[in-house]
Every structure is written in structure tokens, then in C-alpha cells.
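Have the structure open beside you as you read.

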Amino acid sequence: GRTILAKAEFLNGAGNSPKDRVALSMIEEAERRGLLRPGRGDTIYEGTVGSTGISLATLARARGYRAHICMPDDQAFEKSDLLHHLGADVERVPVAPITSPGHFVNLARTRAAEHERRAADGSMGFFANQFESEANWHAHFSTTGPEIWAQTDGGRLDAFVAGAGTGGTISGVARYLKLEAKLDGLRVVLADPQGSGL
């Protein structure tokens, strides 16, 4: 007696995940702010364990940027191989606590800050910062949420269930459906495996 619908993000875009929306949103925001400019040789830096890096590498190449991905060395080599095939530089680093300067996210931030000095060619380094970027959740607030509302006959739904990495998808969609579409009775559920940090 229930209807369960799934949004097939793996059929969308270049990286085949919801992270395509996030990557594009972060790049477009950086372009608006003048932090990235096509043709200048700019590099997008990010610390990631997977999908966001793939989306950033794909979109960076398509828009005329380079991508430098820092990832923990305990990740599957297939991920870094794919990133290499997409044209990204991949820096596999030892696993470290988030408080360490050697943590993959902190290292990406450092590499971006050092870019101008190291490159000395007028290009800029941009740290995408998916974990703290407002462009992350906003990508889903402005696209995924409205799509779900439209695709369910104007919000005929009782619950929205999603997994989470950075939390951008679930927070952006929930914010749109609850605050903009006014689905006050909507139940938002984070589906997360036992033992996960979230």
C-alpha cells in the first residue's frame, strides 16, 4: 500500500552521482567570485575519498581547469586510477586525524594556498571545500529539491530518505521541501550504516 520512488542520480551528468551538482555549484560560485577563471591555468584542489573528486575532475577538465585531489591512501586504487584518467593529479596521503595538517582535507587546503607561489605562472589555486561550502547544500536546495517536488506531483510525499557524506544532499533537499514547498509534515530520514561517523 506504499509507493516508493527513487531518484536515479547515477543517470545524471558526467560523474554519475549527486556530487555532479555540488561540484558544478562550487565551481560556478568560485567563478562568480573571481576565484576561478577559465584559460588562466587555475587548479581546483579538494580533499575527498571518492565521488566529489570524480565530479570535480570531470567538470574541471570540461571547463578548462586542472584538478588536484588529495585522498587517504587506504582508498581503493580504482578511485585514484579513475581520477588520473580524468586528468586529475592525485596525492594519496597517509591516514591522519582531522586535527593533523597531514589530513587529506587540510592538505588540499594547504596546497591551494601555496599554489600561486609554487606555480608562478599567474594561475590561481581554489580549495573547493565541499565539507563547509554553502554551494554544497545550495546545489540541492536549488535543483534536487525542486525536481523532487515537481516529480511527485507538487510534493505528494510523506518521507524523504537519503544517505549522507557531507550532508549536502539531505540538508539541501530537506530545506527546500520543508521551507520553500511548505511540506510541514514531511519526515526526513538519514539512512546510515551502523558504526558510521554520521
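Predicted model: local features only at pLDDT ≥ 70, side-chain atom pairs only at ≥ 80, totals over all residues.

This report goes through the sheet, the helices around it and a second pair of strands.

Begin with the open sheet, where 4 strands sit in the order β3-β2-β1-β4 with parallel pairing. At the edges you will find β3 (89-93) and β4 (125-127); each has a single partner strand, so one side of each is left without a neighbour in the sheet. From one strand to the next, the twist averages 20 degrees.

Now zoom in on one pair. Strand β2 (residues 66-72) is linked to β3 by 5 bridges in the parallel sense. To see one of these links, find Cys70, whose bridge partner in β3 is Glu91.

## A helix across the sheet

Which strands does helix α4 lie across? Helix α4 (residues 104-119) lies across β1 (43-47), β2, β3 and β4. Relative to β1, helix α4 runs at about 160 degrees.

## Two helix pairs

Two packed helices are described by the angle between their axes and the distance between the axes. Take helix α2 (residues 51-63) and helix α3 (residues 77-85): their axes come within 9 Å and cross at roughly 10 degrees. Angles under 35 degrees count as roughly parallel, and that makes α2 roughly parallel to α3. On the α2 side, Gly53, Ile54, Ala57 and Arg61 meet Leu82, Leu83 and His85 of α3. Sorted by class, this contact has 4 nonpolar, 2 polar and 1 charged residues.

The other pair is helix α5 (residues 134-151) with helix α6 (residues 168-180), whose axes come within 7 Å and cross at roughly 55 degrees. These two helices are therefore oblique to each other. The crossing of α5 past α6 is right-handed. Residues of α5 in the contact include Trp137, Phe141 and Trp149, while those of α6 include Val173, Tyr176 and Leu177. By class, the contact of α5 with α6 divides into 8 nonpolar, 8 polar and 2 charged residues.

## Strand, helix, strand

Helix α6 also belongs to another arrangement: together, β5, α6 and β6 make a right-handed β-α-β unit. How many bridges join strand β5 to strand β6? There are 4 bridges between β5 (residues 159-162) and β6 (residues 187-190), and the two strands run parallel. One link to look for is Ala162, which has Leu190 as its bridge partner in β6.

Definitions and conventions: Residues numbered from 1 in each chain as written. Heavy atoms only, no water. Axes fitted to C-alpha atoms, helices over the stretch in contact; angles between N-to-C directions. Parallel < 35°, antiparallel > 145°, perpendicular 65-115°, else oblique. Contact = heavy atoms within 4.5 Å. Nonpolar A, V, L, I, M, F, W, Y, C, P; charged D, E, K, R; others polar. Pairing = 2+ DSSP bridges. Left-handed = near helix turned anticlockwise from the far one by under 90°. Right-handed = clockwise from strand over helix to strand, strands pointing away.
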